[in-house]
Each structure stands twice: as C-alpha cells, then as structure tokens.
Amino acid sequence: MQSFGKKLRERREARKISQNELAKLIEAHHSAIGKYERDEVRPSIDVVVKMADVLDTTVGYLLGETGDADALQDPAMLKRLNDINGLPQKEREALLLTIDAFLRDFKAKKAYA
C-alpha cells in the first residue's frame, strides 16, 4: 500500500501542480508539502481536506482508505448514497441486494460480450 506522501505526490503531479502552487492553494508553507510527500510530517485533517479538494480527489484516497483517486466525486451519486443511508434498515438492505444483483449481471454480460 502506498504511503500518504506517495499518494499526495502522485496526485499532485497528475494534476500538474508544483509543490509551491499546492502550498499557496491550501495556504501552507511550501516546505510543508515536501515534508508531507516524504512522510516526514503528517498534516492535520483540515489540511488533508484542502489538499483533496485542490487535487480533485477524496480524503479517503489520500489516507489509503480507497485505491480509487476519483471515488465518489459525483455529487449526485453522493446524494443518492446519503439518501440510501437514511432509509430504514430493511429497505436499505433490499435496495442494496437489488443493486448488487444489477452489478453482478452487468459484470457477467460484460465478461461474455
């Protein structure tokens, strides 16, 4: 698993943003970005949130909770997930079973196409 620093650097370079630019965008000292990328210092959660926003990714990606840098960037999808989360347990489980079945069928069709 990649470290926070490696994920930060990878994402920063993919967005073609220099360490100095990132520091200015998150209102931090430019030397801090290098320390974060070398895993010498860990940023506060507030700083991680700012970096994720600037780098168009998620806090979860930077912290290693997900390997997908673009996970859950779609606001409409996030709203749907929050709405699903607000359902009573029984209805939520039924909906998730339906979604799982749809995804399974889609993957099977794709595999045999």
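The model is predicted: local features need pLDDT of at least 70, side-chain atom pairs count only at pLDDT 80 or more, and totals for chains, interfaces and linings use all residues. Residues are numbered from 1 along each chain as its sequence is written, and side-chain values use heavy atoms, without hydrogens or water.

Start with the fold. The chain has seven helices and zero strands. Its pattern along the sequence is α-α-α-α-α-α-α. The radius of gyration is 18 Å, well over the 13 Å that the globule rule gives for 113 residues, so the chain is more spread out than a compact globule. That radius is taken over C-alpha atoms, and the rule is 2.2 Å times the number of residues to the power 0.38. Helices here are DSSP runs (H or I, at least four residues), strands likewise (E, at least two), numbered from the N terminus. The C-alpha trace spans about 50 × 35 × 25 Å along its principal axes.

Next, the surface. Buried residues make up 27% of the 113 in the chain. Buried means under 20% relative accessible area, exposed over 50%, and partly exposed in between (1.4 Å probe, protein chains only). The accessible surface of the chain is about 8300 Å², and 55% of that belongs to carbon and sulfur atoms.

Now look at helix α7, residues 89–112, which holds Phe102. Phe102 is exposed, with a relative accessible area of 57%. Areas come from the Shrake-Rupley method with a 1.4 Å probe; for residues, only the protein chains shown count as cover.
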